[in-house]
Amino acid sequence: MPMDALCLSAVRREAERLILDGRIDKIHQPSRDEILMQIRSREGACRLLLSANPARPRMQLTERTRENPAEPPMFCMLLRKYLTGGRILEVRQPPMERLAELVIEATNEMGDKVTRRLILEAMGRRTNLLLLDGEGRIVDCLRRVDVDLSQENARPLLPGLFYKYPPIQTGKLDPGSLTETDRAALLVSASPDTPADKFLMDHFLGLSPLIAREVAFEAFGEVDAPVGRDPETLLDKLAALLDRLQGGQVQPTMLLREGKPVDFSFRPILQYGPGTENRSFDRFSALLDEFYQAKENADQVRQKGQDLIKSLNHARDRLARKLALQEKELAETQNREENRIRGDLITANLYRMEKGMKSLKTENYYDPVCREVEIPLDPLKTPQQNAAKYYKAYTKAKTAQEMLTIQLEKGAAEKEYLDSVLDSVSRAEGERDLAEIRQELEETGYLRRRGKGKNQMKRPAAKPLEFRSSSGLRISVGRNNLQNDKLTTKQAGKWDYWFHTQKIHGSHVILWTEGEKPDDQSLHEAACLAAWFSQGREGKKVPVDYTPVKFVKKPAGARPGMVIYTTYQTAYVDPDEALVKKLKK
């Protein structure tokens, strides 16, 4: 769900305990819509994430490391200039608003202490992040808004303008400050047939549809009950919810269906029944990190890897058309024996033929019953030349079959390679992974090499993913074909174990044995990692082949990541995300 005002207040309280009076050490902007601040306080070091992504607006503490761009964006440089070294004095949230405000004491160019504010407006498509000076003027914002001032409720957001809070929705009340008069007026005005959740959404600020339905479910045992059934109970349940939230009685909860995250809240959600699992977390930071990680990785790959995906799909389409034509040509060569037979029959009947004949009728001695056949002839050619024409067609078709078979095998291998690169792109975790895949495609000729600009920084190569088995053995997982090649053919010793999913694309996994025989648990865990980092991630009983590295060979001229292997065993394992996280820790 978009983070509503109630959930934001719970997350804000969690962050406030750690960041209040803390100093801002570093500021990064890992993506276009995210600011990450490293803060040092009496409670220790932590990282505060401010996300102005319209689909995922939020403020949270985070434990995830994020890859930063080679050159920081302009807004990041601005925040570094004005906020680095600043002390967080206060964390504010206007009542029932999706808005978080950091009040920061920093120093100006003259060394004097000044107060600045960093405001996150977490409001859907209007989500924004703004830096204000001590007088409330906008220094700059992540998204500048220039609107026609003749419009009602127009609120331009531009550097130099005084900042104003977003206008409050008219006709709605703050449920946290509801008076007896307001309550009595609501009870009188409530239409008995109005659904209870709609009644709450129409009259109160800060409630998401999820929480409105949950309050209705608590009051009436169903989400679509009319408010007229018992409006006083409905308001009592809402007041009790707010009291628990104000008192800090929250339980970070993720909602899962079929094991996949679908929503989250500051309390268990019971309206969906047994079909939805409520998973509790100790901290909102852990909940939000896990909930958004897969979505953010997928978005990052989709945005930054779009050119790679487009180039790969174009190459695959072109290859598919080429293979279709070659298969058609190969099918046509299957009739080549008829040309040879016609040549033999013409040669056997030369004594009966004359130049200028348009056809030859003769018995086909290749036929068990010797049926008569009619062979078309070129009247401008001699009988010997007609026979040679059919023999030439036969030889050409035979050679074509041999060459087309080789070309189709190469084409199939190329398709396998392109599919493996697409699989690597889908599992890329950041810009560095995508850069290595781009380098691989440049080396294999699928992309043109890009010239390096003067200010373009060279990134250090990404390292394989590293894990530890339960018994302490190191396990390495390649992120892409170049890493797969390096791991398997250059780094691993002949007695280390190599793992790969059978007949589907995935990473090369190396279990480093240090020359000793590995235990069964380590073998099983390495096989589970190979299944997880493959196209079989969503399946069950995924076949994983494994063998000592000495039985794995790279054919001469093979594409990156392509190997052959012998003397192997196969394990059937279930991909297990919990095990992957455990081994990574």
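Trainee: Is Thr567 exposed or buried, and what sets the cut-off?
Mentor: Buried means under 20% relative accessible area, exposed over 50%, and partly exposed in between, using a 1.4 Å probe and protein chains only. Thr567 has 56% relative accessibility, so Thr567 counts as exposed. Keep in mind that this is a predicted model: local features need pLDDT of at least 70, side-chain atom pairs count only at pLDDT 80 or more, and totals for chains, interfaces and linings use all residues. Residues are numbered from 1 along each chain as its sequence is written, and side-chain values use heavy atoms, leaving out hydrogens and water.

Trainee: What is the phi of Thr567 near?
Mentor: Phi is near 50° there, a positive value in a residue other than glycine. Cys370 also has a positive phi, near 55°. With 39% relative accessibility, Cys370 counts as partly exposed.

Trainee: How do I read two packed helices, and at what angle do H10 and H11 cross?
Mentor: Two packed helices are described by the angle between their axes and the distance between the axes. Axes are lines fitted to C-alpha atoms, for helices over the stretch in contact, with angles from 0 to 180 degrees between N-to-C directions. Here, the axes of H10 (residues 383–426) and H11 (residues 431–443) come within 10 Å and cross at roughly 165°. Angles under 35 degrees count as roughly parallel, over 145 as roughly antiparallel, 65 to 115 as roughly perpendicular and the rest as oblique, so H10 and H11 are roughly antiparallel.

Trainee: Which residues of H10 make the contact?
Mentor: Contact means heavy atoms within 4.5 Å. On H10, Tyr417, Val421, Ser424 and Val425 take part.

Methods
Helices (H or I, at least four residues) and strands (E, at least two) are DSSP runs, numbered from the N terminus.
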